Amino acid sequence: MPRTRTRRSRSLRLAAVATGSVLLAAAATGCNAAAKDDAAGGGSKGGGASFTLVTPDPVGQNEFLKLAVDGVKAAAKTHDGTQKVYQSSDSASQQQNVQAAVDAAPDVVVLVGFEFADLVAQQAEAHPKQQFLMVDACTTKTYANVSCAVFREHEGVYLAGAEAGLLSGSGKVGAVVVLDTGQFRRYSDPFAAGAKEAASKTSASTRFVGGQSPFDDSARAKEQASSLLAKGTDQVMAAAAAGNYGVFEAAEAKGAYAYGVDVNQCTSAPGTVVDNVIKKTDVAVQEGIGQVLDGKGGKTVSYGLKEGGISLTGLEDGVESSKCVIAEHEDVLKKVEALRDRIVSGELTVDDPAAK
């Protein structure tokens, strides 16, 4: 299975911080930093707002980061402004790109990922007039010039669990998660709860990847998934970062089904991946920039089902061509839509393991 950073599940890596504590801009920031410039998307000759996005990894085929690029492009179009993206490749280029972005003094510097928490804290103190927007992470300390956009992943996981409960033939569902912490249990406990809501007699089990490289160990994730499948589990939530591909392999070999995270992972294992809990980083970026420009910065905004920041591939337009198994089960989707509406209305509250 691929072990590159661009294949990792961004949200799962970002959660590690919580448990422990395209346009490319021509930037003179060293050999590791982005150095290619493309003016597609246009700038404002009238001196409109300017936005700079800094990514922790190369965008490439990383769908999670591509959505963030889409968000900053949309913000530039909405506000008749300009936008740039600095793509990082390691910790050195992350630091260099953040400095380059701050030196350029755009209206908002947008950063995706926990990797930037300390850098943003330092820059926010040194440059109190510069506005920052962090997505899928936040600084430990609150700053008047730092806004944060975080996600309620557990709400989407609950819906995926409901799908699993309705589709399970054995009545047994499970999850393979990177680590046994409250933050990562957002991907297992709500999955079990959703399955039991949909089919009360469903039983659920969880396995943790652990080890020295829990975010990158496809072999170990595959082993954990195989142990669940050997006991009759036929629906598995894959929350093992790069190890998700190992989970998909195990499920495919056993004729079982799996669920992905962050973006549409059905294309990685058509016929095996049922659905995905997706995060709309583009929504968080575009709306977050708007809030900053409206003078409402310095706050943390949580995105869930109600705000449209969390969803399932099956609940989005284009599910027919998604290669997701759920596209074949319109009856299940109707029941899940009703469950989603109950959460959005406030009638149903999904417990957040990270809040315990």
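## Model confidence

This is a predicted model. The protein chain has a mean pLDDT of 89. Of its residues, 87% reach 70 or more.

Two stretches fall well below that level. Over residues 1-8, pLDDT stays under 50. The model has 23 contacts beyond four places in sequence for residues 1-8. Residues 16-46 also stay under 50. For residues 16-46 the model has 63 contacts beyond four places in sequence. Where pLDDT is low, the predicted coordinates should not be read in detail.

## Disulfides

The structure holds two disulfides. Counting bonded cysteines along the chain, the pattern is 1-2, 3-4.

Cys 138 sits in the loop between strand E4 (131-135) and strand E5 (146-151), while Cys 148 sits in strand E5, so the bond ties together parts that are 10 residues apart in sequence. The torsion about the S-S bond of Cys 138 and Cys 148 is about 70°, so this disulfide is right-handed. Cys 138 is partly exposed, at 28% relative accessible area. Cys 148 is buried, at 2%.

The other disulfide is formed by Cys 266 and Cys 324, whose sulfur atoms are 2.0 Å apart. This pair links distant parts of the chain, 58 residues apart. Cys 266 lies in the loop between strand E9 (257-262) and strand E10 (273-279). Cys 324 lies in the loop between strand E12 (310-312) and helix H10 (330-345). The link of Cys 266 and Cys 324 is right-handed, with 100° about the S-S bond. Cys 266 is buried, at 0% relative accessible area. Cys 324 is buried too, at 5%.

## Nonpolar cores

The largest nonpolar core has 82 residues. Helix H2 (residues 63-78) gives the most to this core, with seven residues. Val 176 and Ile 289 have the most contacts inside the core. Leaving aside neighbours within four places in sequence, Val 176 is in contact with several residues, including Arg 207, Val 209, Ala 221, Leu 228, Val 236, Met 237 and Val 247.

A second, separate core has 21 residues. Among them are Val 54, Ala 137, Val 146 and Cys 148.

Helix H9 covers residues 281-293, 13 residues in total. From first C-alpha to last, H9 reaches 18 Å, close to the 18 Å expected at 1.5 Å a residue. The buried residues of H9 are Thr 281, Val 283, Ala 284, Val 285, Gly 288, Ile 289, Gly 290 and Val 292. After H9 comes Gly 295, with a positive phi near 80°.

Helix H6 covers residues 189-198. Pro 190, Phe 191, Ala 192, Gly 194 and Ala 195 are its buried residues. These pack against helix H5 (153-167), strand E6 (172-177), strand E7 (203-208), strand E8 (235-239) and E9.

## Salt bridges

Side chains of opposite charge can pair when their charged atoms come close. The structure holds 15 salt bridges. One of them lies within helix H2, between Glu 63 and Lys 66. Their closest N and O atoms are 3.2 Å apart. Glu 63 and Lys 66 are three residues apart, about one turn of the helix. Glu 63 is partly exposed, at 36% relative accessible area. Lys 66 is partly exposed, at 27%.

Arg 186 pairs with Glu 153 in a salt bridge, with closest N and O atoms 2.4 Å apart. The pair links distant parts of the chain, 33 residues apart. Arg 186 is in the loop between E6 and H6, and Glu 153 is in helix H5. Arg 186 is buried, at 10% relative accessible area. Glu 153 is buried, at 5%. Lys 222 and Glu 249 meet in a further salt bridge, at 3.3 Å from N to O. Lys 222 lies in helix H7 (residues 218-229) and Glu 249 in helix H8 (residues 244-254), so the pair ties together parts 27 residues apart in sequence. Lys 222 is partly exposed, at 33%. Glu 249 is partly exposed, at 30%. Salt bridges that share partners join Asp 136, Glu 153, Arg 186, Lys 279 and Asp 352 into one network.

Note on methods: Residues numbered from 1 in each chain as written. Heavy atoms only, no water. Helix = DSSP H or I, 4+ residues; strand = E, 2+ residues; numbered from the N terminus. Expected span 1.5 Å × (residues − 1). Buried < 20%, exposed > 50% of the residue type's maximum accessible area, 1.4 Å probe, protein only. Disulfide = S-S within 2.5 Å. Contact = heavy atoms within 4.5 Å. pLDDT = per-residue confidence, 0-100. Core = buried A, V, L, I, M, F, W, Y, C linked by side-chain atoms within 4.5 Å. Salt bridge = Lys/Arg side-chain N within 4 Å of Asp/Glu carboxyl O.
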